[in-house]
Structure formats: C-alpha cells, structure tokens
Amino acid sequence: MLISSRHSLLWMLMIVLPFVYGGRAGADTLEDVLNHGDIRCGVFPDDPGRSAIGPEGDWQGFYVDFCRATAAALFGNPDRVQYIEVDATTRFTTLQQRQTDVVMYSTTWTLGRENRYQVAFPAVYLFDGQGVMVRTGAGVESLADLQGKTLCVTENTSTHQNLVDVLARHRIEASIQFSNGDSFFRGHCDAYSADRMNLATNRAHRADNPSEYYILPESLSREPIGPMVRNDDARWIRVVRAVVDGLILADEKGITQAGVQADRTSGRSVEVRNLLGVSGDLGSRLGLPDDWAYHMILAVGNYSEIYQRHFGPGTPINVDAGPNQPWSRGGLLFAPLFR
C-alpha cells in the first residue's frame, strides 16, 4: 500500500509539474504588456513632483515620466499607461499578485527586499540619502540636538531601521513615532526622518510655510532608488533597465527632447546611432522597436531634463542634481555601453 501511494504521488508530480513550470516559463511580461496594450505602472498618489494628478487631470512627476518613457519605448506613445496607486506595503504585493508590471516609487534597493519580496531592481534612477527635517529656530542644528526629542518616521520602511541604528550609534535617546510628514507639520513630533528628496517634497507641498523648516546637513544613509519589477522575467528586467540607462546615456551624449530628431540624422558616434535605432540591433534583441529610445526621449527628454523639470532649481522642490548627473559631469549616473 505504501509503495502504491508513492507511485501515485510520483505520477501526480509528473503530470502537474510540467504545467506549473511550463506556465512559469511562458509568463513573458513584455508579451503580456504588448497584448493588453498598455503598461500597468505602480505609483504613489498625491506626491507632487514625484507622482500626482495635475490640475488638468493628468499624472505628472519624476516617476510618472519614467512610466511614460517606458510606454513610449514599447508603443511609441507615452500615454499608454495604466497608473496603479500603491503605498509602502502594496508596492510589493501588487507586483507579486501581477496587478502591476513595474513600480516607479521611491523604493530603496536592498538585497533583503529582493529576497523577501522576490523582486528585482533593474537600475538606479535616483541617488538619495536619508535626512532629518526640523523646524527652523527650534534649536536643532545637528543630530546631537535630537536628544530627548520625538521623531516621526513611516512604518514598514528601511528608513525606520536606519533611524534606530543611527540613534543607537550616536547614543541619542529619542522617541520614535510611526507617522508621516503631515503629523510632523501638525506639530505631533519634533522632527521627521525620510529620504532627503522626500523631505524636500513634503516641505514644498505640505508645509504652510516651507521657509519654517530646515533639513539637517547630515545624511544618515545611502539610498539607491530604482524601479521595481518581479524577479522571474529576465527579459522584462532588461527592458526596464534599458529605459533608465537609455535616458542616462542620452543625457551624457547631449541628446535632448528638442534635438533628438536632428541627432537621428547627424551621423554622430556609433553609440548614439545604436541608441536611436539608426544602426545596430539593440531594439530587436530587447524585443522592442528599433526606434524605442528615440520615442521615449521625444516624449520626456533625457534624464536631466526629467530631473530639472520636477526637482531642480526653479521648482517648488528646488534640489540641485548633485550626484544625479552623468559621470561625465561629476555625478554617479553611469550607463553600460550601447554596443
């Protein structure tokens, strides 16, 4: 009887496993996206500068432009995007449950997240660091002045653990409260810790008087921020990586939204011609049209054009690019060779 049961189990496995693994192997995200005609892009709602619905009812922001760039690369049309609203928890679960194809969010790339949530970070599109914001004139000029204070931080983020570690390392006794920037501006805590770009965004759009708030000069951590996808589809990972790297390379080579048409016919370097689909077969190898990068640059511009439009001087957020520039201009952005 025992032998028979084992044989039955083996036969069941032989029948079921081909379907399980066959279905997994056939799960091609790029093919699915092309079939349903748009890209399902996870973004955080009501986050002006990064992702929010503008006055005319259209989505706008830094992360939104990366959604639009991806759609333009796939379809030649940046409007072929279905925006899925996500938060600190659902940014992972919507990917796991295949409700989103990619999440464009201020998510820090960590090895723990890759393994815990079975996700992949194809590239880095923002180099940031964690900071602390306080009220101007409150007598807090450095981390040491946080002794005895109450700090707000968002739950279920790497920011919380970073804050705990920094306070312990500097022997600062402070109370941590799980809350967001709105609670800080309402006076429920003495300081608010988040990524520095997050702090600048909150100060610009949620404070009654932004000049009343100050971001301490210290950075508590390094925060490589990138788009997030499922880790079970190597081709889709390469597609999303190519979108980010293509915008970075366009920036390095001086290819702009206004000038990309002329650059297609100017006979510039081999790498530029490969990027814009004039020569080479990078597009077909990715499963994309040859002119995929041309369409995305035409739609949103190069990396620095996106950054300056939403974050740079003259915007409410008003943060210099700093490390978020190509390596050729002293930044950290570096694309692989397009050959």
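R264 lies over the face of Y294, 4.5 Å from the ring centre. A charge counts as sitting over a ring if NZ of Lys or CZ of Arg is within 6 Å of the ring centre and within 35 degrees of the ring normal. R80 is placed in a like manner over the face of F75, at 4.4 Å from the ring centre. The structure described here is a predicted model, in which local features need pLDDT of at least 70 and side-chain atom pairs count only at pLDDT 80 or more, while totals for chains, interfaces and linings use all residues. Residues are numbered from 1 along each chain as its sequence is written, and side-chain values use heavy atoms, with hydrogens and water left out.

Aromatic rings also meet one another. A pair of aromatic rings is described by the distance of the centres and the angle of the planes. Rings of Phe, Tyr and Trp (its six-membered ring) are paired if their centres lie within 6.5 Å; planes under 30 degrees apart count as stacked, over 60 as edge-to-face and the rest as tilted. The structure holds 20 aromatic pairs. One of them joins F62 and Y303 edge-to-face, with 6.0 Å from centre to centre and 85° between the planes. F62 lies in helix α3 (residues 62-75) and Y303 in helix α14 (residues 303-310), so this pair ties together parts that are 241 residues apart in sequence. Helices (H or I, at least four residues) and strands (E, at least two) are DSSP runs, numbered from the N terminus. F62 is buried, with a relative accessible area of 0%, and Y303 also counts as buried, at 1% relative accessibility. Here buried means under 20% relative accessible area, exposed means over 50%, and partly exposed is in between (1.4 Å probe, protein chains only). F184 and Y192 form a stacked pair, 6.3 Å centre to centre with 25° between the planes, and both of these residues are buried. Ring pairs also link F62, Y63, F66, Y125, Y303, Y307 and F311 into a cluster.

In soluble globular proteins, nonpolar side chains tend to be buried together. A nonpolar core is a set of buried Ala, Val, Leu, Ile, Met, Phe, Trp, Tyr and Cys residues joined through side-chain atoms within 4.5 Å. The largest such core has 75 residues, and those with the most contacts inside it are F62, L126, L247 and M296. Apart from it lies another core of 14 residues, among them V140, L163, I172 and L216. With neighbours within four places in sequence left aside, M296 is in contact (heavy atoms within 4.5 Å) with A69, A72, A73, A242, V243, G246, L247 and G301.

Strands come next. Three of them make an open sheet in the order β4-β1-β5, with parallel pairing. The edge strands are β4 (81-85) and β5 (102-103), each of which pairs on one side only. Two strands pair if DSSP finds at least two bridges between them. Strand β1 (residues 39-43) and β5 run parallel and are joined by two bridges, and the bridge partner of G42 in β5 is V103.

A salt bridge is a side-chain nitrogen of Lys or Arg within 4 Å of a carboxyl oxygen of Asp or Glu, and the structure holds 14 salt bridges. R40 forms one with D101, the closest N and O atoms being 2.9 Å apart. R40 lies in strand β1 and D101 in the loop between α4 (90-96) and β5, so the pair ties together parts that are 61 residues apart in sequence. D101 is buried, with a relative accessible area of 1%. R206 and D182 also meet in a salt bridge, at 3.6 Å from N to O. This pair links distant parts of the chain, with R206 in helix α8 (residues 196-206) and D182 in helix α7 (residues 181-185), 24 residues apart. R206 counts as partly exposed, at 24% relative accessibility, and D182 is partly exposed as well, with a relative accessible area of 30%.

D47 is found in the loop between β1 and β2 (52-53) and is buried, with a relative accessible area of 6%. In another salt bridge, the side chains of R285 and D281 come to 3.1 Å, N to O. R285 is exposed, with a relative accessible area of 64%, whereas D281 counts as partly exposed at 34%. Finally, salt bridges that share partners join D65, R68, D79 and R309 into one network.
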